[in-house]
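Hi there,

Here is the structure I promised to pass on to you. Have a look at it first, and then read on for what turned up.

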Amino acid sequence: MNKYLTRVIEDTIFPFVAKPTRYLGNELNAIHKNHEDVDITFAFAFPDVYEVGMSHLGSHILYSTLNKRNDAVLERVYTPWVDMEEKMRELKIPLFSLETKTPLDQFDMIGFTLQYEMSYSNILNMLDLAGIPKWSRERQDHMPLIIAGGPCAFNPEPLADFFDLFVIGEGEEVMQELFDCYKDWKQSKSTSKLDLLESLAAIKGVYVPCFYKPSYNMDGTLKELEANASNVSTMIQKRVVKDLNAVDYPTCPIVPYMDIVHDRMVLELFRGCTRGCRFCQAGMIYRPIREKSPQVLKEQASKIFNNTGYDEISLTSLSSSDYSQVGQLTKDLIDQYGEFGVGISLPSQRVDAFSLDLAEEVQRVRKTGLTFAPEAGTQRLRDVINKGVTEEDLLSATESALKAGWSSFKLYFMIGLPTEAQEDLDGIVNLVEKIIKLDQGLLREGKRKGKKVNITVSTSSFVPKCDTPFQWEAQFSIDELKEEQLYLKQHLPRKQVKYNYHDAELSFVEAVFARGDRKVSQALYHAWELGCKFDGWTDYFQYDKWMQAFKEVNLDPYFYANRQREYDEVLPWDHILCGVSKQYLWKEREKAYKIQLTPDCRFEQCIGCGLCNTLDVEMKIIGGEHSDATD
Amino acid sequence: MQRIRVRLSKDDRVRFVSHLDFLRVLTRVIRRARLPVALTQGFNPHLKISFGSILPVGATSEVEYIDFELKMSLEPETFMAHLNKQLPPGFHVIEAREMPVKIPSLQGKLNRIVYQVKLMLTGMEQEYLEDAIHSYLKKEVISLTKKTKRGMKEINIRPLIEDMTVISQENDVFTLELVLVTGNTGNVRPEQVIEGMLKYELLNVEPEWIRVHRIALYLQEGSKVITPWEIM
């Protein structure tokens, strides 16, 4: 514990900043170790504010798993909120870990989780607050190793010049290997970071960007990424945990003092999703589906409840109503914990898998609104994106929910999807009008009582992401997106409907970094210099500063966001293998333009995405009700 | 039904945990310990817990009185042990007693709070400080601007300060004792009392830091002092 720093922070900063519990570090179940008793000190950095970072399951998993090692300590650090940053800079307080208030530059390693492109400027700001050089080439050998992982590491190139290494894929196992390797290096008394990076690069799933050099074509596209060290592999394959029942799960998670975004206990039902929505990166990079057994989940629920006392259990995954045992599990959990006032929440339900019984079961304790994500307004466009949901599904799910007493609905759509046209916008409006009409009918016929239906329509703007069938697509221009938002605003019914939409300019900058190469790092650095931070927060996002940064480093952002790529173009992330083949993604793209659906390999035969063979894994469904994908 | 009143302390480690945060802590503690605390009726039931007085963020205390209404009877000692086993480090129940079920709320009754205030005043002399306090208390009106939901508001805090004395000095750190009036006539925080001294230019140095510790809560009726255990 850094007593001096603790005292200064408590007396001269905490009384003057909002929500000081963000920085306390002594929440229930937080782990405190003496740094002298361990070989490896690791600062786990989440480049956003505490209440966002603490809501992220992956952070809790790594915190729990790696702190089980006696030879290592993992401590947390989040981006200090703007008032805190101001105070820290004024008093020259370096960025510190929450648990022991140790300045970040005293750690062996700092690991950032990359959940969202718009948090990149916060990474630079956090390194700056820690007094650590941001460009990896400027860091000396005695300085901490700066590493990263998470979904955005599937295109690591925009950050390649800042990080020493990236971990690709699921962290539970590879991080153990990385720690072992680091410990060996430390015990060998070597002081050369190059030695360390060479041995770390030999670990499967570890990408050390300084060992690769890009060259570019005249038109600015990537020519090749050449390995400039002899022993490194040309392709980095993602890591994947084969059996989720067998790996550690945080059953004693930290319970925050403040009200965070997701303030509840979390059970992870399964990883992966093979519904195959063509815009969805998570659906591609987290394959295959691996369900956890209900017994394991119930044991974990019991431990978490005893260790936290939360009043809500969230059953999470990419598509929770797809869990094969969801009905029975929900019922069992409610039977067990209902009497303690514990409710169950089931995020991400599909309308075609919507079950009224389940919804009622889930909301027995608290009845909140229902959320559906049709994603597109017409059947044609829903088929283009392979959403596989019909208008009938949506209307019948809504009708049964209305009859059962729900009156509040949220509908999520995307605008700017490939092939989208005027009819598709009108489709959104029609769908909403149909629900209102349906509700009026039910009220008139006395089939339901109570308030008129109210609908919140949210549109996000499509951002093409790497490793998806739409990775070659051009994003709609900011003006086009804004026009569509305005159109919806003007045409959606005013009464009973609330319309929210994402900032189009923000989605544009996100698109630059989602598919950027190493050159975009200059713009990121300069944007940080100009004061960009918390870009994911609409109130703090400074579009003019970003455009100034692009201009001043001579980088064309439209080249990255709004340009259609050809099949044979070398993509900046081609060397990072997520397991789904590029050929398959292209085939899916072609099917999108032909408006052809691709089934889910859970329910029908293997669709040939190449993942199971490439990664030597297989899908796991409880009860085994699936065709074997590896046949 | 049964009512148990406890006295709880909050130390340095958790002094920035706000009242609302602590309420959440308590509800989780009760669930972890499976304690039979009663729930209110209605659409959104919540636990029947009530506080003597809300502690300001940043202050420590040894006199946080909390009432719990239970669905079934428990020995106060057992109840206290269960709470202490589950409370996060920094919170501790010191005493627990059974009280009559139907009694007026503590919050409505209490009208005095005693704080111990430590502050660092570089180069300050005890005599100077005592004189300053003396002239401060002689004022009939001490007007401060307070931020409210509707903007800035002038308030007179003088009627809320009953007494203020210097207890001790150690190097530049002074310990004061403040007796403040609380209740429906308004509330003032110890930091605001110090702020008032600065505003009226009675202190020649600004405190480098202030630490506030609550040491007593009671009901003053004429010359009679009634402790929270006797309020029923």
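A helix here is a DSSP run of H or I with at least four residues, a strand is a DSSP run of E with at least two, and both are numbered from the N terminus. Please keep in mind that this is a predicted model, in which local features need pLDDT of at least 70, side-chain atom pairs count only at pLDDT 80 or more, and totals for chains, interfaces and linings use all residues. Residues are numbered from 1 along each chain as its sequence is written, while chains are lettered from A and ligands numbered from 1 in the order in which they are written.

Let's start with chain B. It has 5 helices and 11 strands, and its C-alpha atoms fill a box of roughly 55 × 40 × 35 Å along the principal axes. Of its 232 residues, 29% are buried (20 or more other C-beta atoms within 10 Å of the residue's own, with C-beta atoms placed from the backbone; exposed means 12 or fewer, and partly exposed lies in between). Asp131(B) sits in helix H4 (residues 126–138) of chain B. Is Asp131(B) buried or exposed? Asp131(B) is exposed, because 12 other C-beta atoms lie within 10 Å. From Leu8(B), Asp131(B) is 123 residues away in sequence and 35 Å away in space, C-alpha to C-alpha.

Now for chain A. One open sheet has 3 strands in the order E10-E13-E14, with parallel pairing (two strands pair if DSSP finds at least two bridges between them). Strand E10 (265–268) and strand E14 (343–345) of chain A are at the edges, each with a single partner strand, so one side of each has no neighbour in the sheet. Strand E13 (residues 312–316) of chain A is joined to E14(A) by 3 bridges, and Glu312(A) has Gly343(A) as its bridge partner in E14(A).

A second open sheet in chain A has 4 strands, ordered E15-E16-E17-E18, and the pairing is parallel. Its edge strands are E15 (370–375) and E18 (497–501) of chain A, each pairing on one side only. E15(A) pairs with strand E16 (residues 408–415) of chain A over 4 bridges, and Thr371(A) has Lys410(A) as its bridge partner in E16(A).

Finally, where do the chains meet? In total, 18 residues of chain A are in contact with 13 residues of chain B (C-beta atoms, placed from the backbone, within 7 Å). Helix H1 (3–12) and helix H9 (294–308) of chain A are the elements that give two or more residues to the chain A side.

Happy exploring!

Methods. Two residues are in contact if their C-beta atoms, placed from the backbone, lie within 7 Å.
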